[in-house]
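Okay everyone, thanks for coming. Have a look at the chain on the screen, and then I'll walk you through it.

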Amino acid sequence: YKPLVPYFEKMAELCEILKNKRKKRGSLDFDLPEPEVLLDIKGDPHAIIKAERNLAHFIIEEFMIAANEAVAEFLYSNNIPSLYRVHEEPETNKIQYITRIVKNLGILKQDLKPSDFHEFIEIIKGTPYEEIVNYLILRSLKQARYSSENVGHFGLASECYTHFTSPIRRYPDLVVHRILKEFLQKGKITKERQKELKEILPHIAIHSSRMERRADEVERDAIQIMRVWFMKDKVGEEFEGRVTMVTPEGLRVRLEEYYIEGFLHLSHMIDDFYQFDEKRYCLIGLKKKRKFTIGTKLNVRVSKVSLEEREIIFDLL
C-alpha cells in the first residue's frame, strides 16, 4: 500500500479542512462512542466495549457529509423534487432542561440557546462530563427525518442536506440516486414527472422515517439483550460506574469496565433516605447529604439481571 500513502495523507488533510469549516458554521460535533459486542467461539457475548473510532472513520464521515450536501444543493438549486434529510431546532422546554443540568454541574452560568450548542460541546471536551452531557444534548434534539421539503439540518448546521452515499443500506439514498441519474441522463425532469415525484415523495419520506425508527429500535433491543445475557452470570459482582441519568425513582448507571447501563432504584440505596431535587437535578441524602448527579462516580453491586424485562438492577455500595 506504500504508493497510496501520499493520497491517504492528502485525504487526512482535506478531512481536517472540511471538519473545521463545518465547525465554524455551527455544526454539532458529537464524538459519541457506540457499543461493540465481542463474541466468543460459541457466539455468546464475551465483552461489550466502546467501539474505537480512528482517522479512517473521520475521513469517510467528512467525505460523506460533503457528498450529501453537494447532491442536495445541486437538486435544490435546479428545482428538482427530491428527498431531504432534515433536522429541526430543539424545543424550548428541552433547552431549559439541559440548561438546568449544566448549571447545576457548574459547567455553565448563563442560559443555553440552540446557537450555543456547538461552542458548549467544545468547552466540555476532555472533561469528565463530556460523554454524558453530549448524550443529554443529543436526547434533547428532535430526531432527524426524511422530508420532501428542505427545511435544513440543525445538527450539521447545513441549509441543504440529503442522504446519498449509502444505497446498499438505505432506500432514501437509492431514491435520490434515481432522481439525480434521471436528470443527468435526460438533462431535465418533465413537468409530468415533477408532478408525479411531488405526489409520491412525501409518502416515501414518511415511510422511510418510520422504517428507520423501527430499525433503530430493533438494533437497541438486540444490543440490550446481549448486555443482559452477558451480565446474567455476574450477579453479586461489584463494579465502578458513573451516573448517566437522575430520576425521582433512582439512577441510571453506566459501568466503567463494560459499556453497560443498569438501574439503581431508591429502595436499593439503603445507606440514607434520598430525595429528588428537581431544581438541582440530583438525589440528596437527608442525613449524610451525599449527592448524586449526572457524572457522579460510585460503586455498585449487580443485584438482579432480568432476561424477561431486559434490565440490570444495581445495589449501592
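Leaving aside residues up to four places away in sequence, Leu264 touches Glu249, Gly250, Leu251, Val253, Met269, Leu298, Val300, Phe314, Asp315 and Leu316. By contact I mean heavy atoms within 4.5 Å.

Before I go further, a word on where this comes from. This is a predicted model, so local features need pLDDT of at least 70, side-chain atom pairs count only at pLDDT 80 or more, and totals for chains, interfaces and linings use all residues. Residues are numbered from 1 along each chain as its sequence is written, and side-chain values use heavy atoms, with hydrogens and water left out.

Back to Leu264. Together with Met231, Leu251 and Leu298, Leu264 is among the residues with the most contacts inside the largest nonpolar core, which has 49 residues. A nonpolar core here is a set of buried Ala, Val, Leu, Ile, Met, Phe, Trp, Tyr and Cys residues joined through side-chain atoms within 4.5 Å. Buried means under 20% relative accessible area, exposed means over 50%, and partly exposed is in between, using a 1.4 Å probe and protein chains only. The element that gives the most to this core is α5, with five residues. Apart from it there is another core, of 16 residues, including Leu75, Ile80, Val176 and Phe183. As background, nonpolar side chains in soluble globular proteins tend to be buried together.

Now the whole chain. It has seven helices and 12 strands. Those are DSSP runs numbered from the N terminus: helices are H or I with at least four residues, strands are E with at least two. Of the 317 residues, 44% count as buried. The C-alpha atoms fill a box of roughly 75 × 55 × 45 Å, taken along the principal axes. And among contacts between residues at least 6 apart in sequence, 63% join residues at least 24 apart.

The buried ones are Glu131, Ile132, Val133, Asn134, Tyr135, Leu136, Ile137 and Ser140. They pack against β2, α3, α4, β5 and β6.

That brings us to β6, residues 250–255. Six of its six residues are buried, so β6 is largely enclosed by the rest of the structure too. Which strands does β6 pair with? One is β5, residues 238–247, in the antiparallel sense over six bridges. The other is β7, residues 261–265, antiparallel over five bridges. We say two strands pair if DSSP finds at least two bridges between them. On the β7 side, Val253 stands opposite Gly262. β5 and β6 form a hairpin with two residues between them, while the hairpin joining β6 to β7 goes through five residues.

There's another sheet to find, an open one of three strands in the order β8-β9-β10, with antiparallel pairing. Its edge strands are β8 (274–277) and β10 (291–292), and each pairs on one side only. Between β9, residues 282–285, and β10 there are two bridges, and Leu283 stands opposite Phe292.

Next, the second largest pocket, with about 500 Å³ of space. Its lining has 24 residues, and the closest to its centre are Pro33, Lys50, Glu131, Arg254 and Tyr259. For the record, a pocket is an open set of points on a 1 Å grid over the protein atoms alone, where a 1.4 Å probe fits, with protein on both sides within 12 Å along at least five of seven lines; lining residues have an atom within 4 Å of a point. The volume is the space filled by probe spheres set on the points, which are joined across faces, edges and corners.

Asn79, in the loop between α2 and β3, has a phi near 55°, a positive value in a residue other than glycine. Is Asn79 buried or exposed? At 61% relative accessibility, Asn79 counts as exposed. Ala157 also isn't glycine and has a positive phi, near 50°. You'll find Ala157 in the loop between β4 and α6, and at 25% relative accessibility it counts as partly exposed.
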